[in-house]
Amino acid sequence: MDSNISKILLAIGCTLPVYFIAVIWLIPAQAITLALICLLVMLWSNNGLPLGVVSLLPILLFPMFDLLPTDEVTSNYSNAIIFLFIGGFLLAIAVEKTELHKIIANKILAFFPNTITGMIYALALTAGSLSAFLSNTTSCLLLIPLALFLSEDDALKKRFALAICYGASIGGIITPIGTPPNLILYGLLDQLNLPSIPFIQWILLVLPLALILFLFLGWMLSWGTKNQQITKKPLQQQPKLSTEQKKVTTILVTLILLLFINSPIQPYYGGLGLNEKGILLCAGLILFVPPISILNWSDSKKIPFEILFLFGAGFSIAHVFTSSGLAVQLATFLQSFSQLPLPLLILLIASLVTFSTEITSNTALISMILPVIYALGQQNGLDTRLLMMVATICASYAFMLPIATPPNAIAMSCAAVEVKNMIRYGFLLNLFSILLVFAVASTYWDYFLNF
């Protein structure tokens, strides 16, 4: 039997037990939703079908099982963030076409050890530093060409790409503006008339957590590479940038400055109010316009459209997760553990949010679960700000699946990264993150939030 047929049958075989077990506790629509999510994850993981084909299956499956109308499913494939991706991919293509990524790589190598471990830390810390102030999607898109350039070895490309995407996700938690869940928490604190967490205090609370995660990430991705060498192509020293490289550099520098200026720092600065998705798409399209003329239309064929389909599938899953009532079931499940001691409740919330955010939008999840956690804390006389902060931080710990967060999807655009690699490394990082948040929140955060 053809191996791909075996993989498809295996995925279906794993899906059926999920449905029959889930239907014992859930209504049929919710059990079907869980089973279909299982089927998609299995097919993504075992490569039974091409990535892009599996990513389009929700358009057929969700209407077929009467979970969502076709029009509602397909609208997720034209989500506004898709156009941010297109702009970012065009910039990445321009960087690679002009070989500007070689210059950037050389500059990074000058500051970090020219070893595999050195490069992993360099890429992770650079992505994290950018993501603390910029969109983690944008940061990842700008850096991903380096993962492809630094080595000819696919195994090392995989590690470098994962360093960038995981580093971007970790960096997003460092500041209140680094990722949408952080801003949602701030909005809810204001709405509930709870004391806000000042910008600097947030950084002081979260930075130790992020630094430990960066250390663990570098160690994890470096494991087993002791005797390997970077096979980077030698770069001839250039006295100055070429005209094309100067054009792309100017666009990139202008873009980064504009994104920084556009980012609000509440309540001190409201930002410019420009739409970040429009900014990225504009930067990508400018590359076609004379006299810049870096790209032509044939270059657009290099855009990994299967990744755009993948993200459409992720939005569709998030949509059906809410519409089927699974999100409400999650909240109800959490309420049943309201009598647990605070440390165990922190561990439960961290685990539940971390793994739930793998299959649903972290923004949607945190919007739904924060009010539940607030009510839970109020009923039991617990520190509501502490519990809500635990959930908010863990909503950014989506390391296992490509549909979980944009950086993961971008890493998949590197041919060297497969879903099974991401699941293996991501699961370890998820477990470590949960235990770390539990330790830090139970001691450091608990003390300083009530100081």
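**View A. The second largest pocket of the predicted model.** The space in this pocket is about 500 Å³. A pocket is an open set of points on a 1 Å grid over the protein atoms alone, with protein on both sides within 12 Å along at least five of seven lines. Its volume is the space filled by probe spheres set on the points, which are joined across faces, edges and corners. The lining numbers 15 residues, and Leu26, Leu34, Phe321, Leu326 and Ile359 lie nearest the centre. Helix H2 (28-46) and helix H15 (326-335) are the elements that give two or more residues to this lining. Lining residues have an atom within 4 Å of a point; helices (H or I, at least four residues) are DSSP runs numbered from the N terminus. By class, 13 lining residues are nonpolar, two are polar and none is charged. Ala, Val, Leu, Ile, Met, Phe, Trp, Tyr, Cys and Pro count as nonpolar, Asp, Glu, Lys and Arg as charged, and the others, Gly among them, as polar.

**View B. The largest cavity.** One cavity of 30 Å³ or more is counted, a cavity being a set of points where a 1.4 Å probe fits but cannot get out. The volume of the largest cavity is about 30 Å³. Its lining consists of Gly88, Leu91, Ala92, Val95, Leu141, Leu142, Pro145 and Leu252. Helix H5 (80-97) and helix H8 (136-149) each give two or more residues, and H5 has the largest share, with four. Seven of the lining residues are nonpolar, one is polar and none is charged.

**View C. Packing of helix H10 (residues 180-191) and helix H18 (residues 384-394).** The axes, lines fitted to C-alpha atoms over the stretch in contact, are 9 Å apart at an angle of about 160°. Angles run from 0 to 180 degrees between N-to-C directions, and those over 145 count as roughly antiparallel; H10 and H18 are therefore roughly antiparallel to each other. Pro181, Asn182, Leu185, Leu188 and Leu189 of H10 meet Arg385, Met388, Met389 and Thr392 of H18, with contact meaning heavy atoms within 4.5 Å. These residues divide into six nonpolar, two polar and one charged.

View D. Pro290 and Pro291 are joined by a cis peptide bond with omega of about 5°.

**Notes.** Residues are numbered from 1 along each chain as its sequence is written, and side-chain values use heavy atoms, with hydrogens and water left out. In this predicted model, local features need pLDDT of at least 70 and side-chain atom pairs count only at pLDDT 80 or more, while totals for chains, interfaces and linings use all residues.

Notes:
Parallel < 35°, antiparallel > 145°, perpendicular 65-115°, else oblique.
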